[in-house]
Amino acid sequence: MTIAKNVRDYLKNKPYLLEALEKGIVNLSELSRQIQTDLKTSNTIATKAALRRYVEELQKYKQKREEKVLQILKRSGIAVYDRKSVIITAKEIPNINGMKVDLPGKFLYLLDRSDLPERINTLIKHDNCTMIVINSPEELEATVGVVAFLTALLAKQNVNIVEFISCWTETIIVVEKKDSLKTYETLTNIIG
């Protein structure tokens, strides 16, 4: 196996490091030394050269990927629905309005708070949530990186996503009420 292949394999499962490399904020000499140590190789020149070539590829690919994602999001719409609750139960709840997702051994429901049954055994319950729905063009489904872009964008704003559902042209993000304004402002700065 070549040093270049070893360097790529070393980096491919380190998402934070890859992001830093894409942004150009990593000391390549120091990282090259770290990679050499971890891969137990003594060829400094080949390791650093492989790292530089890989970083150039990452930066080009990131720029193209991000452009595609932003083009999709600029043609999207956004809607906000307040007074939502998320519950997860061990047993199915019959005759209930709202969104239901069957999971192995449990059921997730996204409901209006007014539709919550009075007596239910829940595994998890999140009251007072806001649901933000992004409606995008059909190309969304075939565009790599949209979900990663949105979740990273909100993570940078310290927003915890309670639930996230991506289904064809709809992206549903559920956050706690306290984060709803920050989430909406962050998303509308990107979405057309």
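This is a predicted model: local features need pLDDT of at least 70, side-chain atom pairs count only at pLDDT 80 or more; totals for chains, interfaces and linings use all residues.
Residues are numbered from 1 along each chain as its sequence is written, and side-chain values use heavy atoms, leaving out hydrogens and water.

Let us begin with the helices. Helices (H or I, at least four residues) and strands (E, at least two) are DSSP runs, numbered from the N terminus. Two packed helices are described by the angle between their axes and the distance between the axes. The axes are lines fitted to C-alpha atoms, for helices over the stretch in contact, and the angles run from 0 to 180 degrees between N-to-C directions.

Take helix α1 (residues 3-11) and helix α4 (residues 44-74): their axes come within 9 Å and cross at roughly 55°. The two helices are therefore oblique to each other. Here is the scale behind that word: angles under 35 degrees count as roughly parallel, over 145 as roughly antiparallel, 65 to 115 as roughly perpendicular, and the rest as oblique. Which residues meet here? From α1 come I3, A4, V7, R8 and L11, and from α4 come A46, T47, A50, L51, R53, Y54 and E57. Contact means heavy atoms within 4.5 Å.

Helix α4 also meets helix α2 (residues 15-23), with axes that come within 8 Å and cross at roughly 85°. That angle makes α2 roughly perpendicular to α4. On the α2 side you can find L18, L21, E22 and K23, which meet Y54, V55, L58, Q59, K62 and R65 of α4.

Is A152 buried, partly exposed or exposed? At 29% relative accessibility, A152 counts as partly exposed, where buried means under 20% relative accessible area, exposed over 50%, and partly exposed in between (1.4 Å probe, protein chains only).

Now look at Q36 in helix α3. Q36 counts as buried, because its relative accessibility is 9%. Leaving aside neighbours within four places in sequence, Q36 is in contact with T41, S42, N43, T44 and T47.

K40 lies in the loop between α3 (28-39) and α4. Its phi is near 55°, a positive value in a residue other than glycine. With 74% relative accessibility, K40 counts as exposed. N128 also has a positive phi of about 55° although it is not a glycine, but N128 sits in strand β4 (residues 122-135). N128 is partly exposed, at a relative accessible area of 37%.

Finally, find K14, whose charged end sits over the ring of Y10, 4.5 Å from the ring's centre. A charge sits over a ring if NZ of Lys or CZ of Arg is within 6 Å of the ring centre and within 35 degrees of the ring normal.
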